[in-house]
Amino acid sequence: MLPEHCSIREKGVDCPMPPEFIISVKVKDDEYMVGVTCDGHKKSFMDKLGILQKEGKVPNGTISFTGLKAVGTDCIRMDPNDLIQL
Ligand SMILES: [Zn+2]
């Protein structure tokens, strides 16, 4: 289950925007999901992630963004029974 809003917290306030990208770090054959972000926080997230990697808090691999647009937040909140209707 994905979070319903962006993982960024700015000045103590959680960003209320719906997530548009899943951020993951790829290390060799493993991929770690580190959070989700809205479009506006993509760069901030990347900068922060770079710092966390330097501090050793996040695995030092390749940062990748996967767009969520195809899924859409409405689908995530949808009743599971609706999703399997053909
Ligand atoms: Zn945001």
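Welcome to the tour. What you have open is a predicted model, in which local features need pLDDT of at least 70, side-chain atom pairs count only at pLDDT 80 or more, and totals for chains, interfaces and linings use all residues. To make your selections, count residues from 1 along each chain as its sequence is written.

Now trace the chain from the N terminus, and you will pass its elements in the order β-β-β-β-α-β-α-α.

Next, colour by burial. Of the 86 residues, 10% count as buried, that is, with 20 or more other C-beta atoms within 10 Å of their own, the C-beta atoms being placed from the backbone. For contacts (C-beta atoms, placed from the backbone, within 7 Å), take the pairs with a separation of 6 or more: 47% of them join residues 24 or more positions apart.

Then select K11, in the loop between β1 (9-10) and β2 (13-14). K11 is not a glycine, yet its phi is positive, at about 50 degrees. Is K11 buried or exposed? It is exposed, with 4 other C-beta atoms within 10 Å; the cut-off for exposed is 12 or fewer.

Last stop: K28, in the loop between β3 (21-27) and β4 (30-37). Here too a residue other than glycine has a positive phi, near 50 degrees for K28. K28 counts as exposed because it has 8 C-beta neighbours inside 10 Å.

Conventions: Helix = DSSP H or I, 4+ residues; strand = E, 2+ residues; numbered from the N terminus. Contact = placed C-beta atoms within 7 Å.
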